[in-house]
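Subject: Structure for you to look through

Hello,

Here is the structure you asked to see. Please keep it open while you read the notes below.

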Amino acid sequence: MKSLSQLDPSVELFTENLSIGYPQKPDPFIVQKELNLQLRKGEMICVAGPNGVGKSTLLHTLAGLQNPLAGKIVLHGQNLSSYSMTEKAFLLSLTLTDRIQVDKMTVWELVAMGRYPHTNRFGKLHTSDLEIIERSIAQVHLEDKKKWLLDNLSDGERQRAMIAKVLAQATPILLFDEPTAHLDLTNRVSTMLLLKNVAKSCQVSVLLTTHELEMALQLADQIWLMHPDGVDIGTPDEVIAKGSLQHIFQSDLFSFDPVSRRFIIHPVKETNASPLEIKK
Amino acid sequence: MRRPRTFLFFILLTILCIVLTLSDIALGSVSIPFNAIIQALLHPHGQTLFTDIIIQFRVPKAITAILTGASLSLAGLLMQTFFRNPLAGPDVLGVTSGASMGVAFYVMATSWFAASFVESRWGLILSAIAGALIVLLLILSVASRLKQSVTILIIGLMFSGIVGAIVSILQNLSNPDTVKLFVVWTFGSLSAVTWYQLQILIPLLVIGLFFTFMLQKRLNALLLGEHYAQGLGISVRSTRLIMISLTGILAGATTAFTGPIAFIGVAVPHLARALFQTSNHRIIIPGTLLCGTSLLLICDILSQQTTYPLPLNAVNALFGAPLIIWVVLKQRT
């Protein structure tokens with residue numbers, strides 16, 4: 001019997017009772033279990049949640065960089081593990097939080113690597129590849145800096161170059177691990193808008209992990225809120241209505257205001273002695 | 001993307017290699033008139049003394065210099081890409097130490113049992129190959145189980161340590177003549193390789209060089225790190241095993257025939273990257289090959305200019321190190 005996800009043509013990837021984590025002896029270290037998730041065409045999904053809840057582990061598992069502990073990941077109707085490394089590279093592309101350290105590589109060379117799955121053994125680029133590379137660079141607005149060395153870019157430009165590499169790979173599923181980390185406000189907003197735009201205009205499925213909750217609430221099509229006991233899934237409106245945010249980010253220091261969709265920091269109470277006062 | 005000066009540099013380096021090869025043949029501790037050199041090269045079967053020196057000694061030595069320079073530099077490049085570490089060289093896997101262990105055992109054994117073997121160069125070569133192969137197989141079997149390449153680096157260094165200890169124990173047990181024989185081998189020498197031996201060395205190295213060329217796309221992907229390489233459809237595990245094997249063949253075979261040639265393997269990839277201003281293997285593999293060949297030819301020419309030829313390794317470091325320092329400083333400013 002086929003599941004509903006398998007019949008829906010807009011679903012690029014879905015998981016069934018997926019457990020993620022790390023194989024350890026004697027018992028595996030389970031980070032999350034029984035996940036039933038879907039990635040759809042043209043949607044941007046933001047994965048959020050506290051540190052250590054398994055966002056990166058989930059992304060690595062979906063990308064095939066680590067094996068699921070149990071359950072399955074189905075990509076275009078076929079189990080992810082049944083694809084070869086090369087076949088996966090036609091379907092999934094990703095950026096990670098690992099900072100790449102390459103001496104003397106230009107933006108253009110980096111973006112050109114995105115075409116590797118599509119080229120022969122020597123990485124020979126054809127005219128069509130060159131066009132895609134130029135288009136990808138233009139999409140992230142790095143035309144002026146395409147001959148620059150990566151070492152000479154700012155963090156924001158570097159991130160955009162990495163995104164251009166992913167765009168050049170031209171896959172139906174794009175995964176980004178914390179694409180907005182280390183960026184200033186303008187770059188964070190423009191990166192999120194860029195990814196949203198890519199999902200819509202290219203009709204691809206974009207999944208990103210982020211700590212930018214307020215921005216995710218404004219831009220995401222779906223939010224996966226991860227917490228130690230599972231994942232709350234829904235549109236931003238649904239997630240807010242369910243009270244998931246209030247529940248997951250419980251703290252004496254701040255609270256989530258569902259009306260303004262912002263986190264409000266509580267005023268410091270007199271009784272809460274600050275470190276400075278203790279010194280006195 | 002092709003940089004404008006890349007093409008020019010390739011032409012200049014190729015010309016330099018040809019000039020240096022001819023100089024290496026022409027210059028030596030015995031001065032030979034220019035006409036005699038031409039005569040010898042045109043009529044290699046002539047019976048004069050000069051022809052003998054040129055054909056039997058200097059030409060094989062020049063060929064060995066070219067092959068060794070190219071192989072060790074490429075082995076160094078492979079390891080630097082493998083570990084994404086600028087300090088890696090062909091010896092980090094312990095393969096060259098393995099070769100010296102083989103030689104130490106051989107020299108010791110022959111001094112104990114049958115002194116008549118000691119003269120045989122083949123004994124040295126085969127024992128070095130055996131030593132290198134043992135370490136290579138050990139490191140391959142370990143590497144196929146490991147996920148992180150930095151662990152392989154540590155294990156390679158530990159192998160080198162163990163092998164070095166065995167070699168020093170062997171030296172301690174040997175008589176001074178045997179030790180001297182071993183120490184001379186560790187100086188490295190291009191001149192001991194004969195035409196007959198080249199018939200074995202050349203195919204080995206050509207195979208190694210050929211497969212390194214075939215690997216260029218995978219090597220470029222590895223520059224981004226293992227995860228990104230996988231994301232681009234590269235099988236990191238098999239690529240790593242191929243790289244270890246290639247490094248073992250290139251470094252092990254050259255070391256077996258010439259003794260350990262220091263320095264070239266670590267230094268030349270930096271020289272090539274500085275000259276060509278890129279890490280792209282499509283450019284840097286041939287670039288490293290040409291730079292390595294040139295540098296070793298220069299060092300060989302220099303070492304032959306004194307009445308008693310200097311140890312090649314000493315010249316490598318004395319001449320090569322300042323050159324590399326200059327190049328690296330110049331491009332950083």
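The model is predicted, so local features are given only where pLDDT is at least 70 and side-chain atom pairs only at pLDDT 80 or more, while totals for chains, interfaces and linings use all residues. Residues are numbered from 1 along each chain as its sequence is written, and chains are lettered from A and ligands numbered from 1 in the order in which they are written.

Helix α7 of chain A

Helices (H or I, at least four residues) and strands (E, at least two) are DSSP runs, numbered from the N terminus. Helix α7 of chain A covers residues 185-202, which is 18 residues. From its first C-alpha to its last α7(A) reaches 25 Å, close to the 26 Å expected at 1.5 Å a residue; the expected span is 1.5 Å times one less than the number of residues.

Which residues of α7(A) are buried? They are Thr191(A), Met192(A), Leu194(A), Leu195(A), Val198(A) and Ala199(A). These residues lie on the same side of α7(A), because they cover an arc of only 155 degrees around the axis. The arc is that of the directions from the helix axis to the C-beta atoms. A residue is buried if 20 or more other C-beta atoms lie within 10 Å of its own, exposed if 12 or fewer, and partly exposed in between, with C-beta atoms placed from the backbone.

An α-helix has 3.6 residues a turn, so residues three or four places apart point the same way.

The face of α7(A) turned away from the buried side carries the exposed residues Leu185(A), Thr186(A), Leu193(A) and Ser201(A). The buried residues of α7(A) pack against β4 (44-48), α6 (155-169), β8 (173-177), β9 (205-209) and α8 (213-219) of chain A. After α7(A) comes Gln203(A), with a positive phi near 50 degrees.

Helix α5 of chain A

Helix α5(A) has 13 residues and reaches 18 Å from its first C-alpha to its last, close to the 18 Å expected at 1.5 Å a residue. Its buried residues are Ile132(A), Ile133(A), Ser136(A) and Ile137(A). They are on the same side of α5(A), because the arc they cover around the axis is only 135 degrees. Exposed residues on the face turned away from that side are Thr127(A), Ser128(A) and Glu131(A). The cover over the buried residues of α5(A) includes α4 and α6 of chain A. Just after α5(A), His141(A) has a positive phi of about 60 degrees.

Packed helices

Two packed helices are described by the angle between their axes and the distance between the axes. Axes are lines fitted to C-alpha atoms, for helices over the stretch in contact, and angles run from 0 to 180 degrees between N-to-C directions.

In chain A, α5(A) (residues 127-139) packs on α6(A) at an angle of about 140 degrees, with the axes 8 Å apart. This angle makes α5(A) oblique to α6(A). Angles under 35 degrees count as roughly parallel, over 145 as roughly antiparallel, 65 to 115 as roughly perpendicular and the rest as oblique. On the α6(A) side, the contact is made by Ala164(A), Leu167(A) and Ala168(A). Two residues are in contact if their C-beta atoms, placed from the backbone, lie within 7 Å.

In chain B, the axes of α3 (residues 49-83) and α13 (residues 281-303) come within 7 Å and cross at roughly 130 degrees. That makes α3(B) oblique to α13(B). Residues in this contact include Ala65(B) and Gly69(B) of α3(B) and Ile284(B) and Gly292(B) of α13(B).

Between the chains

How many residues of chain A are in contact with chain B? There are 25, and they touch 23 residues of chain B. On the chain A side, α3 (85-91), β7 (92-95) and α4 (107-113) each supply at least two residues. The largest share, four residues, comes from α3(A).

Single residues

Lys25(A) and Pro26(A) are joined by a cis peptide bond, with omega about 0 degrees. Pro26(A) sits in the loop between β1 (11-22) and β2 (29-35) of chain A.

Asn17(A), in strand β1 of chain A, has a positive phi near 45 degrees and is not a glycine. Asn17(A) counts as exposed because it has 12 C-beta neighbours inside 10 Å.

Regards
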